[in-house]
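Biologist: Let us go through this model together. I will ask, you answer.

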Amino acid sequence: MNENTVHIVEATLADAQIIYQMQLVSFKGLLDRYQDFELSPAAEPIEKFIARMNQANSTYFLIYFGSVLVGAIRIQQNNKEEICRISPVFILPEYRNKGISQKVFEIIESKYKPRNGWQLDTILEEAGSCYLYGKLGYKKTGKIDFIKDGMHIVRYQKNA
């Protein structure tokens with residue numbers, strides 16, 4: 001396999017510890033910046049993470065760059081509303097800005113075909129994330145949640 005090939009592998013509960021550790025590392029910069037110990041995945045106890053992994057209609061995928069494990073993505077399928085939600089998605093800091101996230105979205109969006117599209121959210125003040133989601137065809141819904149001064153959560157949707 002090419003060292004720059006991006007691929008995903010469905011995770012199992014046996015992968016929980018490694019995904020959790022990558023999540024802590026991947027979101028540490030945001031936790032340090034915003035000091036949000038309520039919502040930040042970097043401040044989440046492992047029990048809450050494992051509970052999310054065990055939720056019905058929730059699937060985690062390991063993200064590989066060549067043979068190196070570099071991140072993870074979770075897809076929540078809402079079969080009643082026929083929509084999929086991405087939360088979270090993360091790439092280890094040293095592998096960012098290599099086009100990995102864009103390729104992961106292509107793979108996921110070809111794997112799942114929710115009739116009513118996709119949802120995700122991010123921190124409004126994180127221009128890079130907002131730019132990426134816009135580039136991938138996600139549109140702001142207009143719903144923005146105030147978390148604290150200097151931190152807002154913005155919602156995105158992408159039609160099928």
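Modeller: Keep in mind that the model is predicted. A polar contact joins the side chains of Arg74 and Gln55, at 2.4 Å.

Biologist: Where in the fold does Arg74 lie?

Modeller: Arg74 belongs to a strand. That strand covers residues 68–78. It is strand 3.

Biologist: Which side chain of opposite charge is nearest to Arg74?

Modeller: Arg74 is buried and has no salt bridge. A salt bridge needs the charged atoms within 4 Å. The nearest side chain of opposite charge is 7.7 Å away, and it belongs to Glu44.

Biologist: Which backbone oxygen does the side chain of Arg74 reach?

Modeller: Arg85, Ile86, Ser87 and Pro88 are among the residues that Arg74 touches. The side chain of Arg74 reaches one backbone oxygen at 3.0 Å. That oxygen belongs to Ser87.

Biologist: What is the omega of the peptide bond from Ser87 to Pro88?

Modeller: Pro88 sits in strand 4, residues 83–91. Most peptide bonds are trans. The bond from Ser87 to Pro88 is cis. Its omega is near -5°.

Biologist: Is Glu82 buried, partly exposed or exposed?

Modeller: Glu82 is in the loop between strand 3 and strand 4. Its phi is positive, near 50°, and it is not a glycine. Its relative accessibility is 30%, so Glu82 counts as partly exposed.

Biologist: What is the phi of Asn97?

Modeller: Asn97 lies in the loop between strand 4 and helix 3. At 84% relative accessibility, Asn97 counts as exposed. Most residues other than glycine have a negative phi. Asn97 is not a glycine, yet its phi is positive, about 65°.

Biologist: In what order do the elements of the protein chain run?

Modeller: The protein chain has 4 helices and 7 strands. Read from the N terminus, the order is β-α-α-β-β-β-α-β-α-β-β.

Biologist: What is the radius of gyration of the protein chain?

Modeller: The globule rule gives 15 Å for 160 residues. The chain comes close to that, so it is as compact as a globular protein of that length. Its C-alpha trace spans about 45 × 35 × 30 Å along the principal axes. The radius of gyration is 15 Å.

Biologist: What share of the contacts with a separation of 6 or more joins residues 24 or more positions apart?

Modeller: Of the 160 residues, 43% count as buried. For the contacts you ask about, the share is 60%.

Methods: Residues are numbered from 1 along each chain as its sequence is written. This is a predicted model: local features need pLDDT of at least 70, side-chain atom pairs count only at pLDDT 80 or more; totals for chains, interfaces and linings use all residues. Side-chain values use heavy atoms; hydrogens and water are left out. Helices (H or I, at least four residues) and strands (E, at least two) are DSSP runs, numbered from the N terminus. Buried means under 20% relative accessible area, exposed over 50%, partly exposed in between (1.4 Å probe, protein chains only). Lys and Arg count as positive and Asp and Glu as negative; His and the chain ends are not counted. A polar contact is a pair of N or O atoms within 3.5 Å; within protein, one must be able to donate a hydrogen and the other to accept it, and residues adjacent in sequence count only if both atoms are side-chain atoms. Contact means heavy atoms within 4.5 Å. The radius of gyration is taken over C-alpha atoms; the globule rule is 2.2 Å times the number of residues to the power 0.38. Lists of a residue's contacts leave out its neighbours within four places in sequence.
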